[in-house]
Amino acid sequence: MKTSASIGQAPAGASAARDESTRDRVARSILTNGPSSAAVLAERLELTPAAVRRHLDHLLEDGTVVAREERVYGPRGRGRPAKVFCLTDSGRHAFFQAYDDLAATALHFIAESGGDEAVAAFARARVAEVEVRYRALVDAAPESKKADVLAEALSADGFAASAMTAGAGAQLCQHHCPVAHVAEQFPQLCEAETEVFARLLGKHVQRLATIAHGDGVCTTHIPGATAPVSPVSDGESARTAR
């Protein structure tokens, strides 16, 4: 009887480990770049479409990702919308949210002690340091690049952000939020962050979607004089970010 070694095959344990590592790459790519189609994932990770679909089937089965129709910003073309995959709450939790319970407990204590305004004051104090660190970077950038520079700064802080033109303006997308579960209970965190974006960019920005409210990406609209561009979809955000 031939053994796996005698026919040049890796042991089953090694194969399983490789699968788990590749599966983690697929999930992490969705976390970093936002909802993505199987074709985009295959191109991004230099895998075959069949391999990506196999790993996505496993991630769907264990509840790490969920499939939905691709959201297109702008006029929708003909044909059936493509299917994209995004992380579920449990999928996000597996990455960077180990301190949610402690943070939520602390904020509940603040709310019980000082009310909603105390929570809002805490949220503003939390992002004040971020505003100071980002201010010089954003101020030094030309007007047309301020959103891109802000996205880069957010990415360095773990928010996996990108910026893209959208109609007569731009959209700032954060594909990961380290405090999403806490912000779901305390929206003051999102509100304080939006206020900082407005001050940094010198514009009245509008939050269109948040991960805390169940959306796949935190999306902030930035008004501007940018000329209309072709529609940009979820799965293309990584390739169109500048």
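## Burial and overall make-up

Of the chain's 242 residues, 42% count as buried, where buried means under 20% relative accessible area, exposed means over 50% and partly exposed lies in between, using a 1.4 Å probe and protein chains only. This is a predicted model, in which local features need pLDDT of at least 70 and side-chain atom pairs count only at pLDDT 80 or more, while totals for chains, interfaces and linings use all residues. Residues are numbered from 1 along each chain as its sequence is written, and side-chain values use heavy atoms, with hydrogens and water left out.

The secondary structure comes to 10 helices and eight strands; helices (H or I, at least four residues) and strands (E, at least two) are DSSP runs, numbered from the N terminus. With contact taken as heavy atoms within 4.5 Å, 58% of the contacts between residues at least 6 apart in sequence join residues at least 24 apart.

## A four-stranded open sheet

Let's turn to the sheet. Its four strands follow the order β4-β5-β7-β6, with antiparallel pairing, and the sheet is open; two strands pair if DSSP finds at least two bridges between them. The edges are held by β4 (161-165) and β6 (206-209), each of which has a single partner strand, so one side of each is left without a neighbour in the sheet. On average, neighbouring strands here are turned by 25° against each other, direction ignored.

Arginine 207 has threonine 220 in β7 as its bridge partner.

## Helices across the sheet

Helix α7 (residues 146-156) lies across β4, β5 (169-174) and β7, running at about 165° to β4. Helix α9 (residues 188-201) lies across β5, β6 and β7, at about 130° to β6. Axes are lines fitted to C-alpha atoms, for helices over the stretch in contact, and angles run from 0 to 180 degrees between N-to-C directions.

How do the two helices meet? The axes of α7 and α9 come within 11 Å and cross at roughly 135°. They are therefore oblique to each other: angles under 35 degrees count as roughly parallel, over 145 as roughly antiparallel, 65 to 115 as roughly perpendicular and the rest as oblique. Lys146, Ala147, Leu150 and Leu154 of α7 make the contact with Phe197, Leu200 and Leu201 of α9.

## Threonine 210 and the cysteines

Threonine 210 sits in the loop between β6 and β7 and is buried, with a relative accessible area of 5%. Leaving aside residues up to four places away in sequence, threonine 210 touches Cys190, Asp215, Val217 and Cys218.

Cysteine 218 is itself buried, at a relative accessible area of 4%. Its closest cysteine sulfur, in cysteine 177, is 5.2 Å away, too far for a bond. A disulfide is a pair of cysteine sulfur atoms within 2.5 Å, and by this rule the count comes to zero. Cysteine 86 is also buried, with a relative accessible area of 7%.
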